[in-house]
Amino acid sequence: MAEMLPGWLLPIVAPFIVLNVVVGMVTYVTLLERKFAARMQSRIGPYRVGYHGLLQPIADALKLMMKEDIVPTAADRPIYNLAPIVFLIPCMLIFATLPFAPGLGVADLNIGILFFIAVSSMEIVGLFMAGWGSNNKYALLSAMRAVNQIISYDLPYIFAALVPVMLAGSLKLSDIAVAQEGFIHWFVFYPVIGQLAFLAFIVATLAAENRVPFDILEAESELVAGFRVEYSGMKFALIQLGEYAHMVGSSFLAALLFLGAWDGPGPEWLGPAWFLLKAIFIFLLVTWIRWSFVRIRVDQILALSWKVLLPATLVLLICTATLVVWRTSGGI
Amino acid sequence: MTGEVIAFWALSAMLVVSAFAVVLSPNLFHAVLWLALALTGTAGIFLLLDAEFLAAVQLLLYAGGIITIVVFAIVVTERLVGERITQTNRRIGAAAGVSLLLLGLIVNTLWNQPLATVKASMSSADLTKDVGESVLTRFVLPFELLALLMLVAMLSAIYFARPEE
């Protein structure tokens, strides 16, 4: 496809397509989550809008677009208004470096995974702008908790992601995917190290996305809706969009790092479909955890990160490094 | 003008404006946000110089990490002090004088000793690999010393943060 377009058009068309696909996907992922959650609780879930509720996300989006946009009088106006955009940009940028199939992606950077992690860590700026700009005690408390949690879980997240990087010997996401070709080479099946790293990565992902059991920053019973409590209408929609986009992006990353990305049976053009299926599997795993566990306390969250996850991932990283050195120096 | 030059000037303008806003904005929280913008702009400049690794690290550590910590410090100290901290300074004239002097010194040095304009040749196409290799071979001693320094800083932080007996 890339050959058919003039050279200058490609940098515009490719991000346009990816952004639209992401927005469309994120919209429907919300329906998937609601249906899945409903089934887990023996409910039906959205059913009335369209066939089996298939038009529900569209109805939701329309409703949000038509809602009144309220700015609290006490809010710090420019910051309050900018926050949803600042929050959304990093969440969308993470898709820039994901290769959906060999050669199919916006920019397969040399530093792919580093770019992904660096950009997604920028999300906290927008979150804090929302929390502070609203001038609301719940929002501010929520933003503070978020800062706390993100400082704690950034390191285990990076360390766990570094295990596949070391096994593949490259920061480039497509290289990591290629290194896992063939079912048994998926890094999740790598003896011991693979499973432990996958487990640590999923836990750190849950914390990085503020999902249950780590959702203290929007603990409904204490903080109403957390940092987005003052937002309504389209600004609220933008924040939700960013949050779900980040989650979908992280699911893709987990599928790429541990589940072999586009590797699967069938012809090569089925690759993106396999990748999507794996990402949805990770997403459903996260949703499953969300609806099965209770929220844990702030001190428990911090203790889990600093006393368990951080040392564990560090040891794992050292073991992986030793193994890689041993392997390249003529082991197996 | 090529796209690279346009991007450089746009980024530089953004950088200068946001840097001024950091020191001139009276609201401490706004100043931090301007700082975040300035640090992101710096990452952009690094990208233009083909230093992708440095740009990503700049985003991860400075725009992500340092800003988070600064924000945290502001919120926590405002709680303790109980009032909004302003960041205006009565001696703005003296500060401007010192800054101008420093700027003059830097410009003067660069005037007399122009920076090399020839791009250094890289041994391989992968800059990140080069950085990693040189850090762990040729510069391993400074690297380990830095690690030691961080350890000392961490230990002292724990020392200060321990509960009083």
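## A guided look at chains A and B

Visitor: Which helix of chain B gives the most to the nonpolar patch?
Guide: Welcome! Please keep in mind that this is a predicted model. Ten residues of the nonpolar patch come from one helix, spanning residues 140-161 of chain B, and that is the most any helix gives: helix 6.

Visitor: About what area does that nonpolar surface patch have?
Guide: Its members include Leu136(B), Phe143(B), Met154(B) and Ile158(B). Leu148(B) is another member, and Leu148(B) lies in helix 6 of chain B. Together, the residues of the patch make a nonpolar surface of about 1100 Å².

Visitor: What pattern does chain B follow along its sequence?
Guide: Start with the secondary structure, which comes to six helices and zero strands in chain B. Reading along the sequence then gives α-α-α-α-α-α.

Visitor: How far does helix 1 of chain B reach from its first C-alpha to its last?
Guide: This helix runs over residues 3-24, which makes 22 residues. At 1.5 Å a residue, 32 Å is expected. The model comes close to that, with a reach of 31 Å.

Visitor: Which helix is included in what covers the buried residues of helix 1 of chain B?
Guide: Let's see what needs covering: the buried residues of helix 1 of chain B are Leu11(B), Ser12(B), Ser18(B), Ala21(B) and Val22(B). Their cover includes residues from 28-48 of chain B, namely helix 2.

Visitor: What share of the residues in chain B is buried?
Guide: A residue has to fall under 20% relative accessible area to be called buried. Of the 165 residues in chain B, the buried share is 21%.

Visitor: Is Ser251(A) buried or exposed?
Guide: Ser251(A) sits in helix 10 of chain A, at residues 233-258. Leaving aside residues up to four places away in sequence, Ser251(A) touches Ala279(A), Ile282(A) and Phe283(A). Its relative accessible area is 3%. Buried means under 20%, so Ser251(A) is buried.

Visitor: How much of the area buried between chain A and chain B do carbon and sulfur atoms give?
Guide: Where the chains meet, 23 residues of chain A are in contact with 26 residues of chain B. The area buried between them is about 2100 Å². Carbon and sulfur atoms give 80%.

Visitor: How many salt bridges does the rule find across the interface of chain A and chain B?
Guide: Such a bridge needs a side-chain nitrogen of Lys or Arg within 4 Å of a carboxyl oxygen of Asp or Glu. Across this interface, the count by that rule is zero.

Conventions: Residues are numbered from 1 along each chain as its sequence is written. Chains are lettered from A and ligands numbered from 1 in the order in which they are written. This is a predicted model: local features need pLDDT of at least 70, side-chain atom pairs count only at pLDDT 80 or more; totals for chains, interfaces and linings use all residues. Side-chain values use heavy atoms; hydrogens and water are left out. Helices (H or I, at least four residues) and strands (E, at least two) are DSSP runs, numbered from the N terminus. The expected span of a helix is 1.5 Å times one less than its number of residues. Buried means under 20% relative accessible area, exposed over 50%, partly exposed in between (1.4 Å probe, protein chains only). Contact means heavy atoms within 4.5 Å. Patches are made of residues with over 30% relative accessible area and no salt bridge: like charges are joined within 9 Å, nonpolar side chains (Val, Leu, Ile, Met, Phe, Trp, Tyr) within 5 Å. Accessible areas come from the Shrake-Rupley method with a 1.4 Å probe; for residues, only the protein chains shown count as cover. Buried area is the accessible area (1.4 Å probe) that two parts lose on being put together, summed over both.
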